[in-house]
Amino acid sequence: MLVWFERATDFMKTAELKSNEALMTLIEDMFDTVLAICKCSNEGRTQLMDTFVIQLGHGVTDFRLKISIRLEAVRTFNSMLDLISREGKIKFHLSEDAKGLMLDLARTILDVGDYEIQVAISEALCRMTDRKTRETLIYKWFDEPNANAFKEIRDSEFETVSAFKNSWED
């Protein structure tokens, strides 16, 4: 599945296939399949977290992909994160790949220019870390004013993301 996803997204980065409906449908079907596997199989969820989730996250940060695909990627990413255990999240965010992805996601928030993706990425960063860990990492992700605003986001209250977003729009 990972190879198919990589190939399909590589094709979507080309000018002639960027808006190909069949290719977009294939990728959307992959997202649906990933979620179905995560919901019905602990073993499948573990395998996807070990092999697919990082690549999916990098799809969110890839400016060569259409916004609609990136938005579906981050929504799928968040759904996957929501389905893993606390221990699974700890293991995940401690990996070097996840640390690099979190930094890329934070940079993408500031540059993407799409509110829905900004909110979804902010949610992903909150889901990837517990509050204590996030408070140490945010100063690597953002400058001080943005880090302080991001720190105000509560895990269960993602509407405070708007306050963070407003802090760097001014």
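Biologist: Before we start, what should I keep in mind about the model?

Modeller: It is predicted, so local features need pLDDT of at least 70 and side-chain atom pairs count only at pLDDT 80 or more, while totals for chains, interfaces and linings use all residues. Residues are numbered from 1 along each chain as its sequence is written, and side-chain values use heavy atoms, with hydrogens and water left out.

Biologist: Why is H2 called oblique to H3?

Modeller: Helix H2 (residues 21-40) and helix H3 (residues 42-51) pack at about 130 degrees, with their axes 5 Å apart. Angles under 35 degrees count as roughly parallel, over 145 as roughly antiparallel, 65 to 115 as roughly perpendicular and the rest as oblique. That angle therefore makes H2 oblique to H3.

Biologist: How do you know which residues of H2 and H3 meet?

Modeller: Contact means heavy atoms within 4.5 Å. On the H2 side we find Val34, Ile37, Cys38, Lys39 and Cys40, and they meet Asn42, Gly44, Arg45 and Leu48 in H3. By class, that contact has 5 nonpolar, 2 polar and 2 charged residues (Ala, Val, Leu, Ile, Met, Phe, Trp, Tyr, Cys and Pro count as nonpolar, Asp, Glu, Lys and Arg as charged, and the others, Gly among them, as polar).

Biologist: What makes H4 and H7 roughly parallel?

Modeller: Helix H4 (residues 53-61) and helix H7 (residues 96-111) pack at an angle of about 20 degrees, their axes being 9 Å apart. H4 and H7 are therefore roughly parallel to each other.

Biologist: And what makes H5 roughly parallel to H8?

Modeller: The axes of helix H5 (residues 67-83) and helix H8 (residues 115-128) cross at roughly 25 degrees and come within 9 Å. That makes H5 roughly parallel to H8. Their contact includes Phe77 of H5 and Met128 of H8, and its classes are 10 nonpolar, 1 polar and 6 charged residues.

Biologist: What makes a space a pocket?

Modeller: On a 1 Å grid over the protein atoms alone, a pocket is an open set of points where a 1.4 Å probe fits, with protein on both sides within 12 Å along at least five of seven lines; lining residues have an atom within 4 Å of a point. The largest pocket holds about 330 Å³ of space. Of its 14 lining residues, Thr46, Met49, Asp50, Gly88 and Lys91 are the closest to the centre.

Biologist: Which element gives the most to that lining?

Modeller: H3 does, with 5 residues. The lining as a whole divides into 5 nonpolar, 5 polar and 4 charged residues.

Terms used. Axes fitted to C-alpha atoms, helices over the stretch in contact; angles between N-to-C directions. Helix = DSSP H or I, 4+ residues; strand = E, 2+ residues; numbered from the N terminus. Points joined across faces, edges and corners; volume = space filled by probe spheres on them.
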